Amino acid sequence: MSAPELRAYQREAIDAAIAARRSGVRRMVVCLPTGAGKTVIFSHLARLAKKQVLVLAHREELLAQAVDKLSRALEGTRVVGLERGTSRAPVDAKVLVASLRSLHPDRIGHVLGGRDLGLIIYDECHHAPAEDNLRVLRTIGAFEPDWPGTLIGFTATTSRGDGQGLDTVFERIVYSRTLPDLIDAGFLAPLKGYRIATAADLTRLSPAGADFADAELAEAVDIQERNALVARSIQELARDRRTIAFCVTVNHARNLARALNHIGVPAGIVHGEMTAADRARALAEFRDGRIHVLANVAVLTEGFDDPGVSCVAMARPTRSEGLYAQCVGRGTRLAEGKRDCLILDFVDVSELSLCTLPTLFGCPRDLDFAGEDAREGARQWQQIQLDYPALELEAGALTLREIQDRAAAFDPLTLELDRDVRAISPNAWFSLGRHGVGLHYARATNVISSVTVLTRGARGKRWEVVIDGRAVERFSTLEDAVQAVDHEIESRGRAAQASARHDARWRYAPPPPEVVARLREKQRASTHAEALRLAVWEALTRR
């Protein structure tokens with residue numbers, strides 16, 4: 001079987017790695033989501049390599065995938081050897097695939113002896129900062145100033161559970177694409193999601209570290225009522241979808257599987273303490289459809305390739321975006337007849353930020369997509385933010401429809417003016433939310449001028465004064481800008497000064513038709529001042 005044809009982004013990743021090496025970068029990272037074909041990319045890099053290649057991996061599944069795809073990419077012209085357990089790779093192998101565990105101090109010298117390695121490929125390289133993995137890289141010489149080789153790491157996440165950064169090992173991320181990117185491009189399956197609230201209490205769990213401690217977390221979530229809720233939700237929402245459920249501990253997986261079986265949903269478990277044969281048997285039963293739900297513990301987060309999975313149940317709450325993305329990625333591969341993947345987020349009571357499908361797409365964690373496409377939900381949320389930048393939502397689960405209804409009823413006239421502005425100015429300034437403030441005054445009889453002071457950036461002279469659509473000047477603080485405008489109005493005489501005050505008579509006159517015509521149909525204003533304020537808000541948010 002010949003090597004698979006490269007997708008456009010896979011070619012871009014290869015070109016980026018080559019360009020980085022030519023510019024002097026020796027240790028680099030390619031970050032792509034699960035299902036993007038990282039093995040295909042590094043197989044082609046191995047094919048291009050002039051010297052021998054070493055592929056490092058952690059799990060059995062990753063080793064098997066690497067050997068298979070490397071053999072296809074090299075089209076049988078070069079030897080692909082496996083170094084693992086009792087397996088020994090021939091010295092003349094073009095590509096050596098090795099488990100990091102097998103490269104212990106007593107063996108690594110024999111494995112590397114007589115080989116001219118030019119390229120080191122590290123699969124799931126977010127594990128690299130661990131001390132024993134660093135030992136392997138040091139023995140290879142990857143950190144020596146005169147090392148002539150290249151180290152390329154591949155991962156779906158650059159974050160680690162212990163918070164340790166990859167910059168201790170690698171110099172640069174040379175190429176990166178996000179999960180939403182590749183879903184939009186049609187290379188990964190669309191995601192739909194439900195948010196299911198549970199009564200499990202995580203508020204007493206230790207906040208230390210980048211994620212929860214497994215023992216504490218299991219005690220909080222591995223309870224009969226919650227497992228029953230998870231099981232019923234999978235039964236009702238996933239229906240005939242082949243489902244992977246992520247659990248905290250082996251006991252948690254067993255108890256969830258028991259709850260599923262109790263209501264007639266065929267379920268099994270898989271975990272790292274199982275023998276290779278038992279694990280292979282459970283995976284085979286899952287692929288054959290004899291098991292509908294597979295409850296697993298830290299096994300299927302990496303190296304598991306089953307495109308038929310169309311539901312992921314996050315029975316394991318997590319604060320780690322990297323872990324969450326890896327779990328969700330188990331259902332993003334494309335398959336014949338598969339239209340999308342359903343994500344079930346079981347959200348417990350917590351004061352800490354839990355990762356959910358909405359957070360993966362840049363939305364609030366309390367948002368409930370209610371079974372809708374996450375991409376469309378994210379687009380709607382972004383539009384709501386643009387149209388209603390000052391809209392604030394209290395904590396609690398909300399659907400997009402509920403947010404849209406609240407946004408439609410939102411009245412910008414109720415926004416409270418900044419206290420500091422109110423303290424220094426007698427004029428009728430009004431709030432534009434996080435954008436800034438506005439003011440209207442009569443620069444001539446029956447001629448109303450519009451002034452806005454808007455934020456432009458985060459540093460320096462960030463407050464820009466705009467009068468009748470023309471930028472005039474910038475100031476370092478909002479207060480300085482307001483005082484400058486007030487001084488300018490005062491210099492125009494008593495009539496202009498009086499027209500800028502709250503009690504100016506023109507403000508309470510009926511709104512002119514030409515101003516009303518600029519407002520949305522839903523916006524109603526009873527006075528000239530209200531109509532002008534709404535017109536400014538409309539122009540600002542529409543832009």
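Modeller: Arg226 lies in helix α8; helices (H or I, at least four residues) and strands (E, at least two) are DSSP runs, numbered from the N terminus. The model is a predicted one, in which local features need pLDDT of at least 70 and side-chain atom pairs count only at pLDDT 80 or more, while totals for chains, interfaces and linings use all residues. Residues are numbered from 1 along each chain as its sequence is written, and side-chain values use heavy atoms, with hydrogens and water left out.

Arg226 counts as buried because its relative accessibility is 3%. Here buried means under 20% relative accessible area, exposed over 50%, and partly exposed in between (1.4 Å probe, protein chains only). The side chain of Arg226 is joined to that of Asp348 by a polar contact of 2.8 Å. A polar contact is a pair of N or O atoms within 3.5 Å; within protein, one must be able to donate a hydrogen and the other to accept it, and residues adjacent in sequence count only if both atoms are side-chain atoms. Not counting residues up to four places away in sequence, Arg226 touches Thr198, Ala200, Val221, His252, Ala315, Pro317, Phe346 and Asp348, where contact means heavy atoms within 4.5 Å.

Helix α8 (residues 224-238) packs with helix α9 (residues 250-262) at an angle of about 55°, and their axes are 9 Å apart. That angle makes α8 oblique to α9. Axes are lines fitted to C-alpha atoms, for helices over the stretch in contact, and angles run from 0 to 180 degrees between N-to-C directions. Angles under 35 degrees count as roughly parallel, over 145 as roughly antiparallel, 65 to 115 as roughly perpendicular and the rest as oblique. α8 and α9 cross in a right-handed manner; a crossing is right-handed if the near helix is turned clockwise from the far one by less than a right angle, and left-handed if anticlockwise.

On the α8 side, Arg226, Asn227, Ala228, Val230, Ala231 and Ile234 take part, and they meet His252, Asn255, Leu256, Ala259 and Leu260 in α9. The residues of this contact of α8 with α9 comprise seven nonpolar, three polar and one charged. In this scheme Ala, Val, Leu, Ile, Met, Phe, Trp, Tyr, Cys and Pro count as nonpolar, Asp, Glu, Lys and Arg as charged, and the others, Gly among them, as polar.

Beyond the helix, Arg239 lies in the loop between α8 and β9 (243-246). Arg239 counts as exposed because its relative accessibility is 66%. The phi angle of Arg239 is near 55°, a positive value in a residue other than glycine. A positive phi is also found at Asn446, near 65°, again in a residue other than glycine. Asn446 belongs to the loop between β17 (436-444) and β18 (447-455), and its relative accessibility of 75% counts as exposed.

As for the setting of these parts, the protein chain has 19 helices and 20 strands. Buried residues make up 53% of the 543 residues in the protein chain. Along its principal axes, the C-alpha trace of the chain spans about 95 × 60 × 45 Å.
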